Amino acid sequence: MPTSRAVVLYWAVILTLLTLWKELGYNVGVAGTLPTRQRPLRLPNETYPLSYQLHINSSIHMGNFLFNGNATIDIEIRQSTNEIVLHAKNLSDFRITVLRLNDDAAAIGAGAAEFEHVDDLTHTFDPHGSFLVIYPYENYQAFEAGQRYRVEILYTGKMQMKARGLYWMTYENELDNRTVYVAATQSEPTYARMIFPCYDEPAIKSNFSISLTHSSNYKAISNMPVKELISHNADLTTTSFFPTPPMSTYLVAFVISDFEHISTSYRGITQSVYSSPTLKEKGQSALKNAVLTVSALEDYFSISYPLEKLDHVALNKNFGAAMENWGLITYKEDNLLSQEKGDLYKRVKDKITQNHEIVHQWFGNLVSPEWWSYAWMNEGFASYFSYVITDMLYPELKVMDFFADSEADRAYSYNSFLDVRPMTSYVETEAEIISAFDIITYKRAACVIKMFHHAFHRKTFVSGISGFLSKYQYSVSNELNLFDCLQTAVLQDGQFPHQSWPHKVREIMLSWTHSEWMPIVSVIRNYQNNTITFRQRSIHSKSEHWWIPLNFATTQQPSFEQTHAEYFMPPQTQHTISLEDLKLQLNGSDWLIVNKQQTGFYHVHYDNENLQAIARQLQTDHTQIHPVNRAALFQDITSLIEHNEIESMSVVFEMLKYMEFEQDLRPWKSVSDTIPILQKNLFGTPSYTMFMQFVRRLVTPMFKSLFLETNGGEVNETLSENGDQIMQIACAVDLTECLNYTHRQAMEYFFNKVHIDNYNIYDTMLCFGTKYLNDDEFQQALKMLQSIERESAYADDMLYSLRCIQSHSHLLHYLEFLMGENSTHHALNDNEAMMYLPFLYKSNLEGRSVIWQFIDRNYKLLCRSPTFVEHFNEIAEFLPQHQRPYFETLREKIATHLRHESLNSRDFLISSNSNNVGKKMRNSELFLEKFEQEIHKWLLNEIPQSEDVFAASLSVSNGSSRSEGVLQTANRLVQRALHSNILI
């Protein structure tokens, strides 16, 4: 035993050391553990993996989710350090051996004499960053620069239920009613560390030699072809694979299953589709598409696919639609095996999904990002070029129309409802990394890439990215590496003589990858001095500016197919240039369109005279303007209408007039956003009936063409999802043919269980099919809701569809059924009912007065719900100004009842004087103050007048000052429902 003085000295030293540790930023661990510091979440750069040998032993065939692993890593010390830091997560029972490799030690498997055991090491786990840290017992620089070590880590892990790391799933074998277990991996973005200890960052590439021990009745596949099969006994087999080329950990993949496959070889590459045995033959279409796509991409990028094989695996559980692991792509089963069935839209989307992952074999796999800040360099290129290559292979499918619907539309709209960030933005934590895989990384990046693919000339751009892939293959890169390769290609091309911008590719590209929002370009023509002033501003109030590629189509020079940049607007607020400098020929009455085929990722606004010239052309011969630009005109105008920034509504209606003759779905897609905004704003005004009549005239030919004149009334399979928009417009304005069509289909579905084949119009068909039910049909629907299982698809469909009812008595009865005093809550529980109330209010304008009536009758009952006040406050935001006195009275009744009954609510009842009351209606009310007389006058001149309409028109006034009586009359005369995506 030490003396008391020695004990005091001992503890003084310990306290001094603990204080020192804290001052250095370390956290003191529990007894027997190394004090740990709050280290950065990025790996240090002192060590680097040269190669991995990974062995996983699994009994997944028995439903055993535990696995044993052996990760042996050859490591190079690049800077002297006292620790080796790896990632590891949800792994345990580490047993670590470290060997120093002598200079003549070769690959894994060299003789023992060439190794030197390092014995004075221990390890600890830092859960903050999922770090496994190997370090000496005594603090010194145990690992000197230039040395190489072999680190062998034995460990135990457990498969995950969710699709991350090594995870499990089951399927039912239909032949013998047996549950079959399957193991698969998902390593991206930060889940490789859940499979084995590793350097789990994309820039740290290495070679991986993988071997898997599994049931002899199962097969194992991985990134590379099988090298060797070793049978241990009748029960177990070890499958070893050839080493991978240098690749990032997030691409490590394997599957252990009893799957079967179909295969074919072309150009020295064997491609296979793996699936559960009974589904094997359903992969033929996907296999054929994969062979075509790989060879087409090899030719397009002038870079060969570098592996000997590419497997496509259909799983019933996957992380997202698919994952691009090098040589082993995993898919959700339905995305891979359904390319020969379903409607056209789904079949095309499945091909695009598969081709997205195949493009990744070059963008992301062959060349990987330095860090997840550049995730858009993976996903943006894969997103865009999956459409380009699919369009090349299947031109009859018009795949770039799908790009506009699925990618561009969402990229244009993301600014309005999501937090925005630049395409290139730093992330560090696992949560931040995962959140980087968002609409910006996929869809905005795809649109920006498309813009410069066209702006720089398509061949020039492809030449630049081919050079990029060649220069950085098997390595990593950042955005500047990409931009410099594009710069080289642009300068070598020579197609932009006498322009200064070709020397500024870096600056141009950075203005897009480091901006948060997107630009609006205003085009103001000076008709006297033949100049054009271009103004740019952010769609948000943020001060941002871009190098914007512009190109031009005019009456005299349409040339819509030439989509390269004719001029780059510099990053300044305003820039004026002469027609002569732009090499444009324009007379005063000619039209000008900027951004041909909307290849540039920005909005364009025009002066009113130019819009009038465009309207004249549309009415004379709309085909002189490219259909994509016809669509873009309405897309850009719609945002102006929405924010009351349009100069004249008459010119908008003049542009809409030609739609009666429009047979292309692309402009209709944009108009399907324009018309509902106008319809919502004009609802309840004397102009509303004339507006409905005007739109019915426009949409009738297109509706009949799509739904009534093909295959004896069946919907033609060539309908893209835009057919849904045509139906929405037609039924919302009470086109008789549309109402009859949807009513027949909905009744067959609900009461005779006849399936609706076209998924894209499913919801719209059911909504409008129940819009005008007769009394018998309505009662039958309620009886059905009472009798069927609440969890059934029919119950959900019926509940969702009946929101569209227009009859006031039916709607009131429906609300009483769902949440009234005698409700059994069979259809909706209390919480669901409260959520349904504002949903119904926002999606059915005709029903709003009924909902106020229902609340007035039942507020004492509704107040029992702790969420009623929250949803009442939400509904109050949509209150028109003229209903304010009624609202104040009702609100006071509710407040008094809440106080009297001492009822608790999660929210405070909204004040009658709150600015939130009616705030969602203010834009509409301002719109009417500004434009109602102008619109009414235009409609009177355009629409043949009946006596009723003429009488109503006599009462037109300025917007919100119209009488409440006229509003109520209009409500009774004009009944309609709006799809939820077109409301305020």
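**Helix packing and strand pairing**

In this predicted model, α23 and α24 are roughly antiparallel to each other, because angles over 145 degrees count as such. The axes of helix α23 (residues 808–819) and helix α24 (residues 830–843) cross at roughly 160° and come within 10 Å. The crossing of these helices, α23 and α24, is right-handed. On the α23 side, the contact is made by L811, Y814, L815, L818 and M819; on the α24 side, A833, M834, Y836, L837 and L840 take part. By class, the residues of the contact of α23 with α24 are ten nonpolar, no polar and no charged.

Helix α14 (residues 627–642) packs with helix α16 (residues 665–682) at an angle of about 20°, and their axes are 7 Å apart. Angles under 35 degrees count as roughly parallel, so α14 is roughly parallel to α16. The crossing in which α14 passes α16 is left-handed. From α14, the contact draws on P627, V628, R630, A631, F634, Q635, T638, I641 and E642. From α16, it draws on R666, P667, S670, V671, D673, T674, I677 and L678. The residues of the contact of α14 with α16 comprise nine nonpolar, four polar and four charged. Two packed helices are described by the angle between their axes and the distance between the axes.

The strands come next. Strands of a sheet pair through backbone hydrogen bonds, either parallel or antiparallel. β11 is joined to strand β12 (residues 178–186) by nine bridges, and the two run antiparallel. Within this pair, M169 stands opposite V182 in β12.

Strand β16 (residues 236–241) has two pairings to follow. Strand β13 (residues 207–215) pairs with β16 in the antiparallel sense over five bridges, and S211 has S240 in β16 as its bridge partner. Strand β15 (residues 226–231) also pairs with β16 in the antiparallel sense, over five bridges. There, L229 has T239 in β16 as its bridge partner. β15 and β16 form a hairpin, with four residues between them. Is β16 enclosed by the rest of the structure or left open? Five of its six residues are buried, so β16 is largely enclosed by the rest of the structure.

A loop residue gives a contrasting case. S543 lies in the loop between β26 (531–538) and β27 (548–550). Its relative accessibility is 64%, so S543 counts as exposed. S543 and W517 are 26 residues apart in sequence, and their C-alpha atoms are 9.7 Å apart in space.

Finally, the totals for the protein. There are 30 helices and 32 strands. Of its 984 residues, 59% count as buried. Among contacts between residues at least 6 apart in sequence, 72% join residues at least 24 apart.

Conventions:
Residues are numbered from 1 along each chain as its sequence is written. This is a predicted model: local features need pLDDT of at least 70, side-chain atom pairs count only at pLDDT 80 or more; totals for chains, interfaces and linings use all residues. Side-chain values use heavy atoms; hydrogens and water are left out. Axes are lines fitted to C-alpha atoms, for helices over the stretch in contact, and angles run from 0 to 180 degrees between N-to-C directions. Angles under 35 degrees count as roughly parallel, over 145 as roughly antiparallel, 65 to 115 as roughly perpendicular and the rest as oblique. A crossing is left-handed if the near helix is turned anticlockwise from the far one by less than a right angle, and right-handed if clockwise. Contact means heavy atoms within 4.5 Å. Ala, Val, Leu, Ile, Met, Phe, Trp, Tyr, Cys and Pro count as nonpolar, Asp, Glu, Lys and Arg as charged, and the others, Gly among them, as polar. Buried means under 20% relative accessible area, exposed over 50%, partly exposed in between (1.4 Å probe, protein chains only). Two strands pair if DSSP finds at least two bridges between them.
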